[in-house]
Amino acid sequence: MHLLGIQLLALLFAFFMLYVNFINYKKGKLTSGDFFLWTVLWLGFITLTLFPEILEPIIKPLNVIRILDLLMLMAFAVLAIISFDNFMKNREIEKKIEQLVRTQTISQIKKTRSRKK
Amino acid sequence: MKSKNNIFIVIPAYNEAARIKDVLKKTLKFGYKIIVVDDGSSDKTAQNATMHGVVPLRHKINLGKGAALKTGCEAAFDIGATSIIVLDADGQHDPKFIPRFADSLRSNDIVFGKRKLVGKAPLVRLIGNKFGASLIHLMFGIYRQDLLCGYLAFNKDAYKKIEWKSPRYGIESEVVARTGKNKLQYAEVEISTIYIDKHKGVSILDALAILPSVFKWRFD
């Protein structure tokens, strides 16, 4: 099998990400489900990098010229989904923290007043 | 009837240990109850704000001016305020104008401070203010030349309508937008302009971050 430079680079990156995934799982930062999901994702990426011809049957109907272009589109879609998910979760956490801190602060004034009474 | 007992002064403060005492001394002269919300400062703001007649509150972490102000307002309404006057802790707002705000509140829902910007504010701030003011005018039908002035006053009913969502900077513009949106009765009080530190307050980046929110407020 003859590998192109870009394929080699993609493989190195994917193996590195598999390693990062594994380390985070071992540290307990990822649940078994998360670990499984990301492993499947990166193994899928490795498979497509080694055998890009798998995608050939869907390239024509989608009017995409090259397999690489399709991979890029898929990567952007995955990134967009992850970014949006992060954005929503971040906003939710911000709101919860704000609510928590503000409620706790306002309760100070109530405590002070009830002590004075 | 608004008396001094039910008008509260709310001062959000973040790392203002050096200036807060002076601001409080000048403000206390007018005899209103004062709530200072220390927004998770890393200096001695909270300690320096502890003096007779002042209710100090403290956020455990820094949430931003909008959140601090909201905490202060809710605490004030909880303990009997019917109106609130807001001023900054950095000395940019001269407390001598407080009586004018209180007077104007008798016949208005909300009172905005208005600085004379031309000739005093940095050019970039003038342009930003003009652009923001025009955009808010276009979308909410209210034109305020000094969009970013945080010296303001409002009553309890108005607060319910203008209750801002911006946790950080942007609350001044949001209050103007919601005033226009809810067609509240407002007035402006001319105040003197004191630029303490050109790196404090709303930066160009903050202003750019506020921009998309303007559209959000329209459809909230």
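# Notebook: chains A and B

I began with B:A49, which sits in the loop between α2 (45-48) and β3 of chain B. The model is a predicted one. Is B:A49 buried or exposed? I counted 27 other C-beta atoms within 10 Å, so B:A49 is buried; the cut-off for that is 20 or more. I then listed what B:A49 touches, leaving out residues up to four places away in sequence. The list reads B:A13, B:I20, B:L24, B:V36, B:D38, B:V54 and B:P56. I also checked B:A49 against B:R178. The two are 129 residues apart in sequence, and their C-alpha atoms are 31 Å apart in space.

**Core of chain B**

Next I looked up the largest nonpolar core, which has 61 residues. Which of its residues touch the most other members? They are B:V10, B:I35, B:I84 and B:I85. I followed up B:I84. Not counting residues up to four places away in sequence, B:I84 touches B:F8, B:V10, B:C73, B:A76, B:A153 and B:F154.

**Helix α4 of chain B**

I took helix α4 of chain B, residues 98-105, and picked out its buried residues: B:I98, B:F101, B:A102 and B:L105. Looking down the axis of α4(B), I found these buried residues within an arc of 100 degrees, so they line one face of the helix. What covers them? I noted a cover that includes two elements by the names β1 (7-13) and α1 (17-28) of chain B. The cover also includes β4 (83-86), β5 (110-115), β6 (152-155) and β7 (186-191) of chain B.

**Contact between the chains**

I turned to where chain B touches chain A. How many residues does each chain bring? Chain B brings 15 residues and chain A brings 9 residues. On the chain B side, β3 (54-59) and α3 (65-78) each supply at least two residues. α3(B) gives the most to that side, with 6 residues. I sorted the chain B side by type and got 8 nonpolar, 2 polar and 5 charged residues.

**Helix pair in chain A**

I checked α1 (residues 5-26) against α2 (residues 32-50) of chain A. Their axes come within 10 Å and cross at roughly 170 degrees. That makes α1(A) roughly antiparallel to α2(A), since angles over 145 degrees count as such. From α1(A), the contact uses A:Q7, A:A10, A:L11, A:A14, A:M17, A:L18, A:N21 and A:Y25. From α2(A), it uses A:F35, A:W38, A:T39, A:W42, A:F45, A:I46 and A:T49. I sorted the residues of this contact into 11 nonpolar, 4 polar and no charged.

**Positive phi**

Most residues other than glycine have a negative phi. I noted two residues with a positive value. A:N63 has phi near 60 degrees, and B:N15 has phi near 50 degrees. Where do they lie? A:N63 is in the loop between α3 (56-59) and α4 (67-116) of chain A. B:N15 is in the loop between β1 and α1 of chain B. A:N63 has 6 other C-beta atoms within 10 Å and is exposed. B:N15 has 19 C-beta neighbours inside 10 Å and counts as partly exposed.

I ended with A:E56, which lies in helix α3 of chain A. A:E56 is exposed, with 10 other C-beta atoms within 10 Å. I compared A:E56 with A:D85: they are 29 residues apart in sequence and 30 Å apart in space, C-alpha to C-alpha.

How values were computed: Residues are numbered from 1 along each chain as its sequence is written. Chains are lettered from A and ligands numbered from 1 in the order in which they are written. This is a predicted model: local features need pLDDT of at least 70, side-chain atom pairs count only at pLDDT 80 or more; totals for chains, interfaces and linings use all residues. A residue is buried if 20 or more other C-beta atoms lie within 10 Å of its own, exposed if 12 or fewer, and partly exposed in between; C-beta atoms are placed from the backbone. Helices (H or I, at least four residues) and strands (E, at least two) are DSSP runs, numbered from the N terminus. The arc is that of the directions from the helix axis to the C-beta atoms. Two residues are in contact if their C-beta atoms, placed from the backbone, lie within 7 Å. Ala, Val, Leu, Ile, Met, Phe, Trp, Tyr, Cys and Pro count as nonpolar, Asp, Glu, Lys and Arg as charged, and the others, Gly among them, as polar. A nonpolar core is a set of buried Ala, Val, Leu, Ile, Met, Phe, Trp, Tyr and Cys residues joined through C-beta atoms within 7 Å. Axes are lines fitted to C-alpha atoms, for helices over the stretch in contact, and angles run from 0 to 180 degrees between N-to-C directions. Angles under 35 degrees count as roughly parallel, over 145 as roughly antiparallel, 65 to 115 as roughly perpendicular and the rest as oblique.
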